[in-house]
Amino acid sequence: MLDRIRIVLIGTSHPGNIGATARAMHNMGLGDLALVAPRCQPLTSESISRASGADHIVHAARTVATLEEAVADCTLAVGASARSRTLPWPMITPRALGERLPQELAGPESRVALVFGREDSGLSNAELQRCHAHVHIPTNPDFSSLNLAAAVQVLAYECRQAWLGAGSNVGEQEAEPHQPLASHEELEHYFAHLERTLIDIGFHDPAQPRQLMARLRRFTLRARPERMELNILRGILSATEKCAATREGEPLGVSVHGKQRNVGETDDNATHSGRER
């Protein structure tokens, strides 16, 4: 279970924080570290010194350019956030995250990524919207600033407690055959396909997005679709694109019954539009 939990650091600016993170991970039995566009040299004498015997994690850390690359094979990505956002996302505590892990990692292909942002500004809204949920460490509101490695230590501790509590039963808890969840990479392909289709049929205007795609992303990530379910949704999108292409010459809004209606209006003439207001 612990082998399939990945710590992801984005834009880290101090090598000492990378070494201290490696130490926190090794303390709790984690070993998979990914660095996204670090703003410092990860492997330095300071990072090795701060690792205090966990330097093998620093040496083995994978450096990538984007968050998408770091979590492509993960079935659950959780972003650490200390700030409220304009578009609320599912929020959980470290303890609740730990309690979810045995079930989340029951399948052999399951991977969990815990994503941490920059020391000075944390994760951007766009990065957080690529996570299924956000985790917030309930610190003293009068002094809520946490060192990066300290935040990693808190979540790594909860991961270890979940592992100890689950014992050796992780991966043997399901009565039914496991249906693999869609990976982050598969979800990103779906979101790109969805946006393209919505633009093609005139439902989404990228010049005035009004958080439509962000809301659809939040809805889909909350649903945790299986790979087969996502394939069905993409099949529907492909059929929609094909249908739209063959009817390109028809007036916008002509229904299957031949009468005019507004985009988004149902056949019973209810003026219901899914467009973001």
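View 1. The bridge partner of Ile-7 in β6 is Leu-114. Everything shown here comes from a predicted model, in which local features need pLDDT of at least 70 and side-chain atom pairs count only at pLDDT 80 or more, while totals for chains, interfaces and linings use all residues. Residues are numbered from 1 along each chain as its sequence is written, and side-chain values use heavy atoms, with hydrogens and water left out. Strand β1 (residues 5-10) runs parallel to strand β6 (residues 112-116), joined by five bridges. Look also for Val-8, which stands opposite Val-115 in β6. Helices (H or I, at least four residues) and strands (E, at least two) are DSSP runs, numbered from the N terminus.

**View 2. The other neighbour of β6.** Strand β4 (residues 76-80) is also parallel to β6, with four bridges between them. Here Val-78 has Leu-114 of β6 as its bridge partner. Five of the five residues of β6 are buried (under 20% relative accessible area, with exposed over 50% and partly exposed in between, using a 1.4 Å probe and protein chains only). Val-112, Leu-114 and Phe-116 lie on one side, and Ala-113 and Val-115 on the other. In a regular strand the side chains alternate between the two faces of the sheet.

**View 3. The whole sheet.** Seven strands form an open sheet in the order β3-β2-β1-β6-β4-β7-β5, with parallel pairing; two strands pair if DSSP finds at least two bridges between them. At the edges stand β3 (62-64) and β5 (91-92), each with a single partner strand, so one side of each has no neighbour in the sheet.

**View 4. Helix α8 and what covers it.** Helix α8 (residues 184-200) has 17 residues, which at 1.5 Å a residue should span 24 Å, and its end C-alpha atoms are 24 Å apart, so the two agree; the expected span is 1.5 Å times one less than the number of residues. Among its buried residues are His-184, Leu-187, Tyr-190 and Phe-191. The cover over the buried residues includes α4 (67-71), α9 (212-223) and α10 (227-246), where contact means heavy atoms within 4.5 Å. After α8 comes Gly-202, with a positive phi near 80°.

**View 5. α8 packed on α10.** The two helices pack at an angle of about 20°, with their axes 10 Å apart. Axes are lines fitted to C-alpha atoms, for helices over the stretch in contact, and angles run from 0 to 180 degrees between N-to-C directions. Residues of α8 including Leu-187, Tyr-190 and Leu-194 meet a set in α10 that includes Leu-230, Leu-233 and Leu-237.
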